Every structure is written in C-alpha cells, then in structure tokens.
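Hi,

Here is the structure I said I would pass on. Have a look at it first, and then read on for what turned up.

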Amino acid sequence: MRHFAKRLIVYETNENKSAKSQTPAAFLAPEKLRPHLAALMGNGGFQVLISRALALASVEIPGLRAVHVKADGTLEGLEELHAQLDLDEFIEGRVVLLAQLLGLLVAFIGENLTLRLVREVWPKVPLDDLVLENRGKYENRGKYENRGKYENRGKYENRGKYEKTK
C-alpha cells in the first residue's frame with residue numbers, strides 16, 4: 001500500500017507544483033478522493049473512513065495527532081503539522097495516511113473497486129504494474145476446501161435403517 005500511496009502522491013505533487021492550493025500538496029490525494037467517496041457513502045461515511053485512517057497512521061507517525069477531521073471530512077491542522085515535523089517525517093506521514101486510507105478501501109470495497117475509483121480520480125497514473133499486498137491472498141479461500149465434504153451427507157447414511165420396520 002505504501003508503494004501505491006507514494007505513486008499517487010508523487011503524481012499529485014508533480015501535477016500541482018504550479019497550482020496554488022490551500023491544502024499542502026502532500027495531502028491533496030485524500031482531498032481528491034473525498035468527493036468521490038462522499039458521493040458513495042456520504043460525508044459522514046467519508047469522515048469515519050478518513051478518521052480511522054488517521055488514527056491508524058497516528059500510531060506510526062505520532063505527529064499526525066495534530067491533524068483533525070472536520071464534519072465534512074476535510075483535514076485541519078496541516079499547517080501546524082508541517083511546522084511541527086521535520087521534512088522526512090512529514091513526507092512519511094502523508095504516505096502512511098494515504099496508505100491507511102487505501103488499505104481501508106481495499107478491505108471494505110475490494111481491490112477492483114478501489115483501483116477503479118483511483119483510476120477515476122487519477123486516470124493518467126499508471127497502475128498496470130501495481131501489485132497490492134492482498135492480491136490473491138483471499139481469492140481462493142474456501143473455493144475447493146470443502147468440496148465433497150458434505151455432498152453425500154445423509155444420502156446413504158440411513159439407507160436400510162428404516163426399510164426393515166415397514
């Protein structure tokens with residue numbers, strides 16, 4: 001997920017070098033996902049999702065505790081965060097936050113829908129060579145595990161048991 005997040009952040013940073021934005025370029029990726037996800041799950045749903053991603057990321061990068069999620073799902077406290085953290089930790093914080101958000105999306109809606117959503121938001125970002133951590137991990141779970149195990153249950157067990165009493 002981190003590789004995926006870094007790829008999106010690098011692309012977003014390069015695209016917005018000349019554009020002036022109130023959101024630091026580092027945190028534009030979650031902001032660009034917000035309207036698409038809010039359309040699917042509402043502002044409240046997105047707020048919960050980004051809040052959870054922020055809580056998970058804060059465990060790894062404690063400085064992220066200075067950032068808060070507003071009711072509409074936007075992030076506040078980014079300026080304080082930038083001033084508080086050194087550059088490396090700030091860069092790592094944005095990657096970890098986006099990676100957590102993408103990881104939650106994959107967990108909730110699946111890899112295919114997450115990639116489709118990302119392609120809607122960033123159609124020019126190459127994703128064909130991307131290998132996500134969970135790819136294939138659960139694809140075949142249960143597919144053949146129980147095949148035949150219960151197919152014949154009860155079919156022949158009682159044959160003849162009650163035939164004699166008739």
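**How two helices meet**

Helix 2 and helix 5 are oblique to each other, because their packing angle is about 120 degrees and angles from 65 to 115 would count as roughly perpendicular, those over 145 as roughly antiparallel. Keep in mind that this is a predicted model.

In general, you describe two packed helices with the angle between their axes and the distance between those axes. You have the angle already; the axes of helix 2 (residues 28-60) and helix 5 (residues 111-121) are 10 Å apart. Their crossing is right-handed.

Which residues make the contact? From helix 2 come Lys32, Leu33, His36 and Leu37, and from helix 5 come Leu117, Glu120 and Val121. Sorted by class, that contact of helix 2 with helix 5 has 4 nonpolar, 1 polar and 2 charged residues.

**Elsewhere in helix 2**

Click on Ser58 too, which also sits in helix 2. Is Ser58 buried or exposed? Its relative accessible area is 7%, and anything under 20% counts as buried, so Ser58 is buried. Leaving out residues up to four places away in sequence, Ser58 touches Leu64 and Arg65.

**Helix 4**

Helix 4 covers residues 87-109, which makes 23 residues. From its first C-alpha to its last, helix 4 reaches 33 Å, close to the 33 Å expected at 1.5 Å a residue.

Definitions and conventions
Residues are numbered from 1 along each chain as its sequence is written. This is a predicted model: local features need pLDDT of at least 70, side-chain atom pairs count only at pLDDT 80 or more; totals for chains, interfaces and linings use all residues. Side-chain values use heavy atoms; hydrogens and water are left out. Axes are lines fitted to C-alpha atoms, for helices over the stretch in contact, and angles run from 0 to 180 degrees between N-to-C directions. Helices (H or I, at least four residues) and strands (E, at least two) are DSSP runs, numbered from the N terminus. Angles under 35 degrees count as roughly parallel, over 145 as roughly antiparallel, 65 to 115 as roughly perpendicular and the rest as oblique. A crossing is left-handed if the near helix is turned anticlockwise from the far one by less than a right angle, and right-handed if clockwise. Contact means heavy atoms within 4.5 Å. Ala, Val, Leu, Ile, Met, Phe, Trp, Tyr, Cys and Pro count as nonpolar, Asp, Glu, Lys and Arg as charged, and the others, Gly among them, as polar. Buried means under 20% relative accessible area, exposed over 50%, partly exposed in between (1.4 Å probe, protein chains only). The expected span of a helix is 1.5 Å times one less than its number of residues.
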